[in-house]
Amino acid sequence: MKKLQGAQLRKPVTPDLLMTPSDQGDVDLDVDFATDRGNWTGKLDFLLSCIGYCVGLGNVWRFPYRAYTNGGGAFLVPYFLMLAICGIPLFFLELSLGQFSSLGPLAVWKISPLFKGAGAAMLLIVGLVAIYYNMIIAYVLFYLFASLTSTLPWEHCGNWWNTELCLEHRGAKHSNSALPLNLSSTVSPSEEYWSRYVLHIQGSQGIGSPGEIRWNLCLCLLLAWVIVFLCILKGVKSSGKVVYFTATFPYIILLMLLVRGVTLPGAWKGIQFYLTPQFHHLLSSKVWIEAALQIFYSLGVGFGGLLTFASYNTFHQNIYRDTFIVTLGNAITSILAGFAIFSVLGYMSQELGVPVDQVAKAGPGLAFVVYPQAMTMLPLSPFWSFLFFFMLLTLGLDSQFAFLETIVTAVTDEFPYYLRPKKAVFSGLICVSMYLMGLILTTDGGMYWLVLLDDYSASFGLMVVVITTCLAVTRVYGIQRFCRDIHMMLGFKPGLYFRACWLFLSPATLLALLVYSIVKYQPSEYGSYRFPAWAELLGILMGLLSCLMIPAGMLVAVLQEEGSLWERLQQASRPAMDWGPSLEENRTGMYVATLAGSQSPKPLMVHMRKYGGITSFENTAIEVDREIAEEEESMM
């Protein structure tokens, strides 16, 4: 006791106004959780994790599929426009929010509690996407195990799942006898293996009668969720090391497949179709909407994953440089994958004697039909097939465990005292619940449900969330204040390009696409199957639910305040008192003022006038005070 008293006498007295949370003693605050939540062990961990998150199945499965169904090369025009107008600026905005605050998608809305519903909408969207995304990983595992054989099961016809239309294309081309079937009406063994054996879609009459559970797919889905759980079990410290392999290995295999594809006869026909823009497709709203959605799916903008990853960064990580590395690298990877896909499509079109756009059915199974067929044309085809699907597995897992980490981080940041010590158990409960919800996708008609989730879970709802986030940060919080935060973090303010995109171009473009998509709405379909009206309504409600999260969050925020309605709106839209960098050493300028127990909007200036100036922060505080006063006057 005497030692404690002596220490207390020797300790300088600090005014309450300037006491940091660590000086307050055992106070019920979240101040120590910034280190408890974990951090990347190196700068390269974050960069490779972002590359692994963005460069996923969408680059191999979604981008070639969308380019194929939207005019080939014409799709690249809106794709790069959307990348410049929306992708890069919003990518940087989301990284900046996460790194500055070190918070997840829910807690980050301390920046403006009125819009916390946008964070809840992010979680709903990423949850729905994670359910069906892991089903695609289950398909990959199915093919991975099927490759462990001397002869690939989709290489030849004559199996119990094949029909009379099945024709081995290589055999048909080199046969000297008269062909009994019209080549244009034949089906490849790989296509029948996918639709009639893997999916067993003939056992379902539609989305309303999904049929029985396919137990082989059910077990593959279970394995997929087990792998994902192990990936996120120890957080970013372990996953940050795994990406050194999973983010780089796919490029080696993709280059091998590209070289093999372009050496096939007729490959140039497919590449020509891929590169030649069919500009009449640009008059369709669907092409522009698909391009915008491809940016969101591929870069992960609006899902909260980027925000979550950046929240584990050090405060001064150069995310400006990382933004361009990841976004441009992602675009190059998508184009590279497109070349690998379309070179094989060109070969197959020559074998069948039909145009490239008729060589395969449009659908999510494109990568499970064309690529497996390409594997059968290579020497040691089972070996190459195993490597290819292992590549898809690593691509998918990088993105999937980011989705789950987003959900887990968001909820644990909201309830750190209860959930953070039990993060592994909570992660396991999330994985089990999502596995159970995804069992419908393992039925005979599971592909219909997957298409419905794919079309509606992150369509117009995702656009609304991104528009809301952009407007809340730039208009409500303030573009000047946000740029000042970035200047504090990176040492420079964003230029005119980013400011123009954040203020006008990005939200205006997304708003125009949103309105256009509503006016030019097109029902979902899978091949020749048209979805019934009730399924379409269910999909629309799925998208609307994420949108309704935003006004619901506003209502909750307003009800928690006091005063008139206008006063409540003003109070709920202002940043929380503890908004700012999570670590004390990073709280400079106006954020030195956000200390525990302070009730003043400018407590640092109050202290300076009462106790005298603080030389290290005096000039910054005066300047910040002046800027805040000017902003308040401009808003009145």
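**Labels and their grounds**

Reply: In this predicted model, Cys 157 and Cys 166 form a disulfide, with their sulfur atoms 1.9 Å apart.

Me: Why is the pair of Cys 157 and Cys 166 called a disulfide?

Reply: The sulfur atoms of Cys 157 and Cys 166 are 1.9 Å apart, and a pair of cysteine sulfur atoms counts as a disulfide within 2.5 Å, so the pair meets the criterion. A search of the whole structure finds 1 disulfide.

Me: What makes the link of Cys 157 and Cys 166 left-handed?

Reply: The angle about the S-S bond is -85 degrees, and with that value the link of Cys 157 and Cys 166 is described as left-handed.

Me: What makes Ser 49 buried, and which residues is Ser 49 in contact with?

Reply: Ser 49, which is found in helix 3 (residues 43-54), has 2% relative accessibility, and this is under 20%, so the residue counts as buried. Leaving aside neighbours within four places in sequence, Ser 49 is in contact with Trp 40, Gly 240, Val 243 and Phe 309.

Me: Why is Ser 209 called partly exposed, and where is Ser 209 placed?

Reply: The relative accessibility of Ser 209 is 31%, which lies between the limits of 20% and 50%, so the residue counts as partly exposed. Ser 209 is placed in the loop between helix 8 (189-198) and helix 9 (215-232). Ser 209 and Gly 446 are 237 residues apart in sequence, while their C-alpha atoms are 9.8 Å apart in space.

Me: How do you know that helix 16 is mostly covered?

Reply: Of the 10 residues of helix 16 (residues 366-375), 10 are buried, among them Phe 368, Tyr 371, Pro 372 and Gln 373. For the protein as a whole, buried residues make up 58% of the 636 residues.

Me: What describes the crossing of helix 5 and helix 22, and which kinds of residue make the contact?

Reply: The axes of helix 5 (residues 76-101) and helix 22 (residues 496-519) come within 9 Å and cross at roughly 120 degrees, and the crossing is left-handed. The contact includes Met 82, Ile 85 and Phe 92 of helix 5, and Phe 498, Trp 502 and Thr 509 of helix 22. The residues of this contact divide into 16 nonpolar, 2 polar and no charged.

Me: What can be said about contacts and surface in the whole protein?

Reply: The protein has 26 helices and 2 strands. Among contacts between residues at least 6 apart in sequence, 82% join residues at least 24 apart. The accessible surface comes to about 26,800 Å², of which 65% belongs to carbon and sulfur atoms.

Key
Residues numbered from 1 in each chain as written. Predicted model: local features only at pLDDT ≥ 70, side-chain atom pairs only at ≥ 80, totals over all residues. Heavy atoms only, no water. Helix = DSSP H or I, 4+ residues; strand = E, 2+ residues; numbered from the N terminus. Buried < 20%, exposed > 50% of the residue type's maximum accessible area, 1.4 Å probe, protein only. Axes fitted to C-alpha atoms, helices over the stretch in contact; angles between N-to-C directions. Left-handed = near helix turned anticlockwise from the far one by under 90°. Contact = heavy atoms within 4.5 Å. Nonpolar A, V, L, I, M, F, W, Y, C, P; charged D, E, K, R; others polar. Areas by Shrake-Rupley, 256 points an atom, 1.4 Å probe, with all protein chains shown as cover.
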